[in-house]
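Subject: Structure for you to look at

Hi there,

Here is the structure I promised to pass on, with the sequence alongside. Have a look at it first, and then read on for what I found.

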Amino acid sequence: MSDPLIRGSDYLNAVRQIAIDPSTIWSGEDIIERIQVCTWIGEHIDTINQQLREYLEACHQCFPESERREVVIFAAPIAPDYGIDALCNILVDPVAIVIDVGRTAPQDWLSIVVHEYAHAYLSSPGHDARLLDVLTHLCLGLGLEPPNARGMDERAMDQMLRNWPHCDATPEPLAFWRGNG
(Lines give C-alpha, C1' and ligand atoms only; values in the text may rest on other atoms or scores of the structure.)
Protein backbone atom coordinates (compact mmCIF):
# COMPACT_ATOMS: atom_id res chain seq x y z
CA MET A 1 0.00 0.00 0.00
CA SER A 2 1.30 3.40 -0.87
CA ASP A 3 -1.27 5.37 1.14
CA PRO A 4 0.27 6.12 4.57
CA LEU A 5 -3.13 6.23 6.31
CA ILE A 6 -4.06 2.75 5.13
CA ARG A 7 -0.55 1.42 5.79
CA GLY A 8 -0.61 2.82 9.33
CA SER A 9 -4.09 1.50 10.03
CA ASP A 10 -3.20 -1.95 8.69
CA TYR A 11 -0.02 -1.91 10.76
CA LEU A 12 -1.89 -1.16 14.01
CA ASN A 13 -4.41 -3.90 13.23
CA ALA A 14 -1.55 -6.37 12.70
CA VAL A 15 0.07 -5.37 16.01
CA ARG A 16 -3.27 -5.84 17.78
CA GLN A 17 -3.21 -9.46 16.62
CA ILE A 18 0.05 -10.20 18.44
CA ALA A 19 -0.73 -8.20 21.60
CA ILE A 20 -1.85 -10.04 24.70
CA ASP A 21 -5.20 -8.31 24.33
CA PRO A 22 -6.00 -6.34 21.15
CA SER A 23 -7.49 -3.53 23.25
CA THR A 24 -4.03 -2.75 24.69
CA ILE A 25 -3.11 -1.13 21.37
CA TRP A 26 -4.47 2.40 21.04
CA SER A 27 -7.38 2.87 18.65
CA GLY A 28 -8.47 6.42 19.43
CA GLU A 29 -12.00 7.76 19.70
CA ASP A 30 -11.41 10.97 17.75
CA ILE A 31 -11.40 10.28 14.00
CA ILE A 32 -9.17 13.27 13.19
CA GLU A 33 -6.58 12.14 15.72
CA ARG A 34 -6.83 8.53 14.48
CA ILE A 35 -6.21 9.68 10.89
CA GLN A 36 -3.25 11.80 12.00
CA VAL A 37 -1.69 8.97 14.06
CA CYS A 38 -2.24 6.28 11.43
CA THR A 39 -0.83 8.50 8.69
CA TRP A 40 2.26 9.31 10.76
CA ILE A 41 2.74 5.61 11.53
CA GLY A 42 2.38 4.73 7.86
CA GLU A 43 5.11 7.22 6.99
CA HIS A 44 7.60 6.53 9.83
CA ILE A 45 7.09 3.11 11.41
CA ASP A 46 9.74 1.31 9.37
CA THR A 47 12.45 3.65 10.69
CA ILE A 48 11.24 3.33 14.29
CA ASN A 49 11.01 -0.46 14.09
CA GLN A 50 14.49 -0.67 12.58
CA GLN A 51 15.89 1.17 15.61
CA LEU A 52 14.04 -1.20 17.95
CA ARG A 53 15.34 -4.24 16.04
CA GLU A 54 18.88 -2.92 16.50
CA TYR A 55 18.30 -2.69 20.26
CA LEU A 56 16.79 -6.19 20.23
CA GLU A 57 19.87 -7.49 18.42
CA ALA A 58 22.11 -5.81 21.01
CA CYS A 59 20.20 -7.72 23.71
CA HIS A 60 20.63 -10.98 21.77
CA GLN A 61 24.38 -10.37 21.62
CA CYS A 62 24.54 -10.52 25.43
CA PHE A 63 23.77 -14.25 25.33
CA PRO A 64 25.15 -17.29 23.53
CA GLU A 65 23.23 -18.05 20.35
CA SER A 66 21.94 -21.31 21.85
CA GLU A 67 20.16 -19.36 24.63
CA ARG A 68 18.43 -16.81 22.40
CA ARG A 69 14.70 -17.03 21.88
CA GLU A 70 13.04 -15.96 18.68
CA VAL A 71 11.60 -12.52 19.41
CA VAL A 72 9.87 -9.93 17.23
CA ILE A 73 9.55 -6.29 18.20
CA PHE A 74 7.19 -3.53 17.11
CA ALA A 75 6.47 0.06 18.06
CA ALA A 76 2.83 1.03 18.59
CA PRO A 77 0.87 3.39 20.81
CA ILE A 78 -0.53 1.58 23.82
CA ALA A 79 -3.98 2.51 25.10
CA PRO A 80 -3.61 5.02 27.97
CA ASP A 81 -5.96 3.04 30.23
CA TYR A 82 -3.30 0.37 30.62
CA GLY A 83 -0.68 2.75 32.02
CA ILE A 84 2.26 0.81 30.56
CA ASP A 85 4.97 1.74 28.11
CA ALA A 86 5.56 -1.74 26.70
CA LEU A 87 4.39 -5.32 26.78
CA CYS A 88 5.83 -8.74 26.07
CA ASN A 89 3.50 -11.46 24.86
CA ILE A 90 5.21 -14.69 25.84
CA LEU A 91 2.17 -16.70 24.73
CA VAL A 92 2.89 -16.32 21.01
CA ASP A 93 5.65 -17.83 18.91
CA PRO A 94 7.82 -15.96 18.26
CA VAL A 95 7.57 -13.95 21.46
CA ALA A 96 6.26 -10.47 20.63
CA ILE A 97 7.39 -7.23 22.23
CA VAL A 98 5.42 -4.03 21.68
CA ILE A 99 7.00 -0.74 22.74
CA ASP A 100 5.10 2.54 22.98
CA VAL A 101 8.01 4.74 21.97
CA GLY A 102 5.86 7.82 22.48
CA ARG A 103 5.86 7.27 26.24
CA THR A 104 9.60 7.88 26.68
CA ALA A 105 12.38 9.88 25.10
CA PRO A 106 14.36 8.12 22.33
CA GLN A 107 17.44 7.88 24.59
CA ASP A 108 15.39 5.57 26.86
CA TRP A 109 14.15 3.19 24.16
CA LEU A 110 17.04 0.78 24.74
CA SER A 111 16.10 0.60 28.42
CA ILE A 112 12.53 -0.38 27.59
CA VAL A 113 13.70 -3.00 25.10
CA VAL A 114 16.08 -4.41 27.72
CA HIS A 115 13.26 -4.79 30.25
CA GLU A 116 10.90 -6.50 27.82
CA TYR A 117 13.69 -8.63 26.39
CA ALA A 118 14.38 -9.96 29.90
CA HIS A 119 10.75 -11.10 30.11
CA ALA A 120 11.02 -12.70 26.67
CA TYR A 121 14.30 -14.41 27.58
CA LEU A 122 12.75 -15.92 30.72
CA SER A 123 9.35 -16.48 29.14
CA SER A 124 7.93 -15.06 32.33
CA PRO A 125 5.94 -11.93 33.24
CA GLY A 126 7.25 -11.84 36.82
CA HIS A 127 9.53 -9.29 38.47
CA ASP A 128 11.47 -11.66 40.68
CA ALA A 129 15.07 -12.72 41.36
CA ARG A 130 15.33 -14.46 37.97
CA LEU A 131 14.40 -11.23 36.20
CA LEU A 132 16.87 -9.37 38.42
CA ASP A 133 19.66 -11.69 37.24
CA VAL A 134 18.80 -11.30 33.54
CA LEU A 135 18.35 -7.53 33.81
CA THR A 136 21.69 -7.24 35.61
CA HIS A 137 23.39 -9.28 32.88
CA LEU A 138 21.81 -7.17 30.10
CA CYS A 139 22.53 -3.86 31.82
CA LEU A 140 26.17 -4.73 32.37
CA GLY A 141 26.50 -5.95 28.78
CA LEU A 142 24.87 -2.84 27.31
CA GLY A 143 26.39 -0.17 29.54
CA LEU A 144 23.24 0.60 31.53
CA GLU A 145 23.08 0.94 35.29
CA PRO A 146 22.34 -2.50 36.74
CA PRO A 147 19.62 -2.92 39.35
CA ASN A 148 20.65 -3.21 42.99
CA ALA A 149 18.22 -5.22 45.09
CA ARG A 150 20.48 -5.87 48.08
CA GLY A 151 18.47 -5.90 51.26
CA MET A 152 15.11 -5.72 49.48
CA ASP A 153 12.28 -8.07 50.21
CA GLU A 154 10.37 -9.64 47.30
CA ARG A 155 7.71 -6.92 47.26
CA ALA A 156 10.23 -4.07 47.15
CA MET A 157 12.26 -5.86 44.48
CA ASP A 158 9.10 -6.39 42.41
CA GLN A 159 8.29 -2.68 42.61
CA MET A 160 11.81 -1.63 41.66
CA LEU A 161 12.07 -4.07 38.75
CA ARG A 162 8.75 -2.98 37.21
CA ASN A 163 10.50 0.18 36.05
CA TRP A 164 14.07 -1.00 35.52
CA PRO A 165 16.04 0.31 33.79
CA HIS A 166 14.38 3.56 34.79
CA CYS A 167 12.78 5.67 32.06
CA ASP A 168 11.14 9.05 32.45
CA ALA A 169 7.63 9.25 31.05
CA THR A 170 6.69 11.85 28.48
CA PRO A 171 3.85 14.20 29.40
CA GLU A 172 1.74 13.41 26.30
CA PRO A 173 2.57 10.07 24.66
CA LEU A 174 0.33 10.56 21.64
CA ALA A 175 2.18 13.74 20.66
CA PHE A 176 4.98 11.55 19.29
CA TRP A 177 2.54 9.45 17.28
CA ARG A 178 0.93 12.56 15.82
CA GLY A 179 4.35 13.77 14.70
CA ASN A 180 4.61 16.44 17.40
CA GLY A 181 7.00 14.63 19.71
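Predicted model: local features only at pLDDT ≥ 70, side-chain atom pairs only at ≥ 80, totals over all residues.

Residues are numbered from 1 along each chain as its sequence is written, and side-chain values use heavy atoms, with hydrogens and water left out.

**The strands**

Two strands count as paired if DSSP finds at least two bridges between them. Strand 2 (residues 86-89) and strand 3 (residues 95-99) run antiparallel, with four bridges. Ala86 has Ile99 as its bridge partner, and Asn89 stands opposite Ala96.

I call a residue buried under 20% relative accessible area, exposed over 50% and partly exposed in between (1.4 Å probe, protein chains only). In a regular strand the side chains alternate between the two faces of the sheet. Strand 3 has Val95, Ile97 and Ile99 pointing one way and Ala96 and Val98 the other, all of them buried. Strand 2 is likewise covered on both faces, with Ala86 and Cys88 buried on one side and Leu87 and Asn89 on the other.

**The core**

A nonpolar core means a set of buried Ala, Val, Leu, Ile, Met, Phe, Trp, Tyr and Cys residues joined through side-chain atoms within 4.5 Å. The largest one holds 56 residues, and the members touching the most others are Leu52, Ile99, Val101, Leu138 and Trp177. Helix 2 (residues 31-60) is the main contributor to this core, giving 10 residues. With contact meaning heavy atoms within 4.5 Å, Leu52 reaches Ile73, Phe74, Ala75, Ile99, Val101, Trp109 and Val113, leaving aside neighbours within four places in sequence.

**The charges**

The whole structure has four salt bridges, each a side-chain nitrogen of Lys or Arg within 4 Å of a carboxyl oxygen of Asp or Glu. One of them links Glu33 and Arg178, with the closest N and O atoms 2.8 Å apart. Glu33 lies in helix 2 and Arg178 in the segment after helix 6 (173-177), so this pair ties together parts 145 residues apart in sequence. Glu33 is partly exposed at 21% relative accessible area, whereas Arg178 is buried at 15%. Arg178 also meets Glu172 in a salt bridge (2.4 Å, N to O). Through shared partners, Glu33, Glu172 and Arg178 form one network. Elsewhere, Arg162 and Asp158 make a salt bridge at 2.8 Å, N to O.

Which charged residue is buried yet has no salt bridge? That is Asp108, whose nearest side chain of opposite charge, Arg103, is 13 Å away (Lys and Arg count as positive, Asp and Glu as negative, and His and the chain ends are not counted). Asp108 sits in the loop between strand 3 and helix 3 (109-122). Not counting residues up to four places away in sequence, Asp108 touches His166, Cys167 and Asp168.

Happy browsing!

Notes. Helix = DSSP H or I, 4+ residues; strand = E, 2+ residues; numbered from the N terminus.
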